[in-house]
Amino acid sequence: MSHPVDAASLVILRGDPSAPDVLLGRRRDNARFMPGAYVFPGGAVDPPDIDLGNSPEWRGTRFHAAALRETWEETGLMIATRGPLPAFVPRDNPYFARLDADGQMPVADELRYIVRAITPEPSPIRFDTRFFLAPESAATGVAHAVGELPEVMWIPAAQALISDHLRGVTKFVLSQALELWRDPERLDSPSRPIRLFTWVDGARLIQKQPQEDGLL
């Protein structure tokens, strides 16, 4: 039985709050995890993300860092501002090397923690994923297919919710994102509980939990 790996993902919405578009990427048909499925940009937390998350100079956690890095690696969208990276963050990762070359620092302020999901135990690859929500206006660049995702596209969120290309957990996360997108006051509330999506004995379980320290 594999232990779930820490991961992070970013839901990006744009347009009219009543009928926004969502950014999704298609995973390769031969991918080991969720082959062919439409997903949000995201992936496992890497050592440089942990380094940045541990920095007192940065307002964010390792999960914020991973969500921002994976979004750039998979869609080309950058959420950053002018400023130096902490000296101890490795520059050998392409994302951090790009930030360093441009004199930029990733920005976590516009990411809102919305959902946590843990892959069920029978899966050979398991993730413990924190999902964040951000508006397209926070990013620079034009979304396009990069790296692991052969296709990246903006889709009306209402259409995505009924698409066979999205797995159940992805639809659940999107439905939560849309509820909060339409209620900014609740989205920004530090007392808002986080829904945990997981499986117990083969049955789907959705629980509420307090927001985690550092992920507010």
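Colleague: Why is strand β1 described as largely enclosed by the rest of the structure?

Modeller: Seven of the ten residues of β1 (residues 5-14) are buried, so the strand is largely enclosed. Buried means under 20% relative accessible area, exposed over 50%, and partly exposed in between (1.4 Å probe, protein chains only). Strands (E, at least two residues) and helices (H or I, at least four) are DSSP runs, numbered from the N terminus. This is a predicted model, in which local features need pLDDT of at least 70 and side-chain atom pairs count only at pLDDT 80 or more, while totals for chains, interfaces and linings use all residues. Residues are numbered from 1 along each chain as its sequence is written, and side-chain values use heavy atoms, leaving out hydrogens and water.

Colleague: Which sense does the pairing of β1 with β8 have, parallel or antiparallel?

Modeller: Parallel, over nine bridges; Val5 stands opposite Phe127 in β8.

Colleague: Why is Thr61 called buried?

Modeller: Its relative accessibility is 13%, and the limit is under 20%, so Thr61 counts as buried. Thr61 lies in the loop between α1 (47-53) and α2 (62-75).

Colleague: What joins the side chains of Thr61 and His64?

Modeller: A polar contact of 2.9 Å. The term covers a pair of N or O atoms within 3.5 Å; within protein, one must be able to donate a hydrogen and the other to accept it, and residues adjacent in sequence count only if both atoms are side-chain atoms.

Terms used: Two strands pair if DSSP finds at least two bridges between them.
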